[in-house]
Amino acid sequence: IAFQSSDSDSSSDSDTLAPPIPHLVDDNAPSWEDLRKQLMATSTGKRLQLESIDREKGHGPPHAHAKFRLFDAKAESEIRVTFYRDQAAWCP
């Protein structure tokens, strides 16, 4: 649908305008960054952050985001067996 311009001096087709888009709802949702900060301020957020740090060091429980895992070894020099990871799980 096009509307004719209210300007009476011009009657060309270039004066047609689309209807204005109605403003339905105000966006009052917090940003993703604000949500992340709120989460990290909770005990669960702090636990998740500590687990992430452990995962980066190769420690902690199995997790899909772990790049490597030392299991019970204290350092990488103690590794005796290497498992290779595919997209689904850890494979020997």
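Colleague: Why does Glu51 count as partly exposed?
Modeller: Its relative accessibility is 29%. Buried means under 20% relative accessible area, exposed means over 50%, and partly exposed lies in between (1.4 Å probe, protein chains only). The value of 29% falls in between, so Glu51 is partly exposed.

Colleague: What kind of model is this?
Modeller: This is a predicted model, where local features need pLDDT of at least 70, side-chain atom pairs count only at pLDDT 80 or more, and totals for chains, interfaces and linings use all residues. Residues are numbered from 1 along each chain as its sequence is written, and side-chain values use heavy atoms, with hydrogens and water left out.

Colleague: What makes the meeting of Glu51 and Arg47 a salt bridge?
Modeller: The N to O distance is 3.0 Å. A salt bridge needs a side-chain nitrogen of Lys or Arg within 4 Å of a carboxyl oxygen of Asp or Glu. The pair meets that limit, so the name applies. Glu51 and Arg47 are four residues apart in helix α2, so about one helical turn separates them. Arg47 is also partly exposed, at 43% relative accessibility.

Colleague: How many salt bridges does the whole structure have?
Modeller: The search finds two. Arg36 forms one with Glu33, with the closest N and O atoms 2.9 Å apart. Both residues lie in helix α1 (residues 32-40), three residues apart, or about one turn. Arg36 is partly exposed at 41%, and Glu33 is partly exposed at 39%.

Colleague: Why does Arg55 have no salt bridge?
Modeller: The nearest side chain of opposite charge is Glu51, 4.6 Å away. Lys and Arg count as positive, Asp and Glu as negative, while His and the chain ends are not counted.

Colleague: What does Arg55 touch?
Modeller: Leaving out residues up to four places away in sequence, Arg55 touches His63, His65, Ala66 and Phe68. Contact means heavy atoms within 4.5 Å.

Colleague: How do you know whether Leu70 is buried or exposed?
Modeller: Its relative accessible area is 7%. That is under the buried limit, so Leu70 is buried. Buried residues make up 8% of the 92 residues in the protein. Leu70 lies in the loop between α2 and β1 (84-85). Beyond residues up to four places away in sequence, Leu70 touches Lys57, Gly58, His59, Ala75, Glu76 and Ile79.

Colleague: What stands out in the phi of Phe71?
Modeller: Phi is near 55°, a positive value in a residue other than glycine. Most residues other than glycine have a negative phi. Phe71 lies in the loop between α2 and β1. Phe71 is partly exposed, at 44% relative accessibility.

Colleague: Which residues lie nearest the centre of the largest pocket?
Modeller: Arg69, Leu70, Phe71, Ile79 and Val81, out of twelve lining residues. A pocket is an open set of points on a 1 Å grid over the protein atoms alone, where a 1.4 Å probe fits, with protein on both sides within 12 Å along at least five of seven lines; lining residues have an atom within 4 Å of a point. The space in this pocket is about 320 Å³.

Colleague: What makes up the lining, by residue type?
Modeller: Eight residues are nonpolar, one is polar and three are charged. Ala, Val, Leu, Ile, Met, Phe, Trp, Tyr, Cys and Pro count as nonpolar, Asp, Glu, Lys and Arg as charged, and the others, Gly among them, as polar.

Colleague: What order do the elements run in?
Modeller: From the N terminus on, they run α-α-β-β. Helices (H or I, at least four residues) and strands (E, at least two) are DSSP runs, numbered from the N terminus.

Note on methods: Points joined across faces, edges and corners; volume = space filled by probe spheres on them.
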